[in-house]
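Keep the sequence beside the model as you read.

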Amino acid sequence: MLKLSTFLVLLILPGLKSFGQLSVEDYQVYASVVKTEIRDSAKSIAIMKTGIDSLEKSEVTNLTQKDLISGRAYETFGRTENDKGERPSTIDSISIQFLIDYCKTNTDKFSFTADFNQKYKTVFLEKFPIRPKSVQKDWNSFYKKYPGSGGIFAFSRIKYYSDDSIAIVYYWVKRAGLSGHGALAVLTKNNNEWQMKYKTYLWWN
């Protein structure tokens, strides 16, 4: 009986991203999102080491989910940008179904353990370094420590669709001067490269 249990565990484990671990594919998707948000001149980016959990994701995706389910998709289209940077943008029906599913899905916490292997330096932060009572001072300190930074990013777990050719992720990016936003990103894999198809903005500041 023990041997059978061991066999079943070994059979199941390879199909899981166990213990919150990220795959090489995940890092490629995250890097593609970052690419759409930073200038080529950026020397580094900062990423929150712990990923966004279900509670935070649900708080910002609930309205989009309700709009898409209730037939008020045009509300979401108004906040959506396509791969050409055009906004508003109509989302195709298949992507709408995937977005609804993603918004409903629970996402476990995870930690980044590797860099993005990009031309810019990647810094992982244990906690958000900007305090409400000293915003400008903290941003000045941040850019002094990381000159040329493209900002601070946070990511949720990615969910894949259509035989892993479509990926959806919630993320946010924050910079000095209240220049930040959170968005749902839909990416497609073409010629082994991940590219942004839609970016639906959920909040700005």
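A search of the whole structure finds twelve salt bridges. The term covers a side-chain nitrogen of Lys or Arg within 4 Å of a carboxyl oxygen of Asp or Glu. The model is predicted: local features need pLDDT of at least 70, side-chain atom pairs count only at pLDDT 80 or more, and totals for chains, interfaces and linings use all residues. Residues are numbered from 1 along each chain as its sequence is written, and side-chain values use heavy atoms, with hydrogens and water left out.

Start with Glu25 and Lys189. Their closest N and O atoms are 2.7 Å apart, in a salt bridge. Glu25 sits in helix 2 and Lys189 in strand 7, so the pair ties together parts 164 residues apart in sequence. Helices (H or I, at least four residues) and strands (E, at least two) are DSSP runs, numbered from the N terminus. Glu25 is partly exposed, at 24% relative accessible area. Lys189 is partly exposed too, at 26%. Here buried means under 20% relative accessible area, exposed over 50%, and partly exposed in between (1.4 Å probe, protein chains only).

Next, Glu126 and Lys49 form a salt bridge at 3.7 Å, N to O. Glu126 lies in the loop between strand 3 (121-125) and helix 6 (135-145), and Lys49 in the loop between strand 1 and helix 3 (54-69), so this pair links parts 77 residues apart in sequence. Glu126 is exposed, at 64%. Lys49 is partly exposed, at 29%.

Asp67 and Arg72 also meet in a salt bridge, at 3.7 Å, N to O. Asp67 is buried, at 8%, while Arg72 is partly exposed, at 35%. Elsewhere, shared partners join Asp26, Asp108 and Arg157 into one network of salt bridges.

Now return to helix 2. Its buried residues include Asp26, Tyr27, Tyr30 and Val34. The buried residues of helix 2 pack against several strands, among them strand 1 (44-48), strand 6 (166-174) and strand 7 (181-190).

What lies in the nonpolar interior? The largest nonpolar core has 31 residues, of which Ile152, Tyr170 and Trp172 touch the most other members. Helix 5 (residues 93-104) gives the most to this core: six residues. Apart from it lies another core, of 29 residues, including Tyr27 and Val173. A nonpolar core is a set of buried Ala, Val, Leu, Ile, Met, Phe, Trp, Tyr and Cys residues joined through side-chain atoms within 4.5 Å.

Key: Contact means heavy atoms within 4.5 Å.
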